[in-house]
Amino acid sequence: QVQLAESGGGLVQAGDSLRLACAASGPSVSRSVMGWFRRAPGKERELVATIRWSGGVTYYVDSVKGRFTVSRDSAANTVYLQMNNLKLEDTAVYYCAARRLTYGPFDYWGQGTQVTVSS
């Protein structure tokens, strides 16, 4: 069973940076792709970024390109989301997720961590 634990959320000002971490455990074959999602108040959950453990191929939603960077530390079984130049609209609960297959729905989810950006 895959378990995911996010950390690193908090309250920051617009323009600041924050780094989220997702510690993963469980069979690596079940978490070949890791993703970061977010849910802002009153909005639907949104995919922010993904990364493959093998090869490190990444994907970003347009709204965060150039500001967010997803990376992984295989030795630590941890995925990171470096968020720079944060904007008010980045305020959301951020979730880490994992899936076994290269494509398709995510199978495992973390509890989420709150990121609040103030002006």
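Two strands count as paired if DSSP finds at least two bridges between them, and strands (E, at least two residues) and helices (H or I, at least four) are DSSP runs, numbered from the N terminus. With that in hand, welcome to the tour.

The model is predicted, so local features need pLDDT of at least 70 and side-chain atom pairs count only at pLDDT 80 or more, while totals for chains, interfaces and linings use all residues. Residues are numbered from 1 along each chain as its sequence is written, and side-chain values use heavy atoms, leaving out hydrogens and water.

**Stop one: the sheet.** Select β1, β3, β8 and β7: in that order, these 4 strands form an open antiparallel sheet. At its edges you will find β1 (3–7) and β7 (68–73), each pairing on one side only.

**Stop two: a strand pair.** Now select residues 18–25, which make up β3, and residues 78–83, which make up β8. The two run antiparallel to each other and share 6 bridges. Click on Leu20 and look across: Leu81 in β8 stands opposite.

**Stop three: the disulfide.** (A disulfide here is a pair of cysteine sulfur atoms within 2.5 Å.) Cys96 sits in β9 (residues 92–99), 74 residues from Cys22, and the pair links distant parts of the chain. The link is left-handed, with -75° about the S-S bond. A search of the whole structure finds 1 disulfide.

**Last stop: the surface.** Are Cys22 and Cys96 buried or exposed? Buried means under 20% relative accessible area, exposed over 50%, and partly exposed in between, using a 1.4 Å probe and protein chains only. Cys22 is buried because its relative accessible area is 0%, and Cys96 is likewise buried at 0%.
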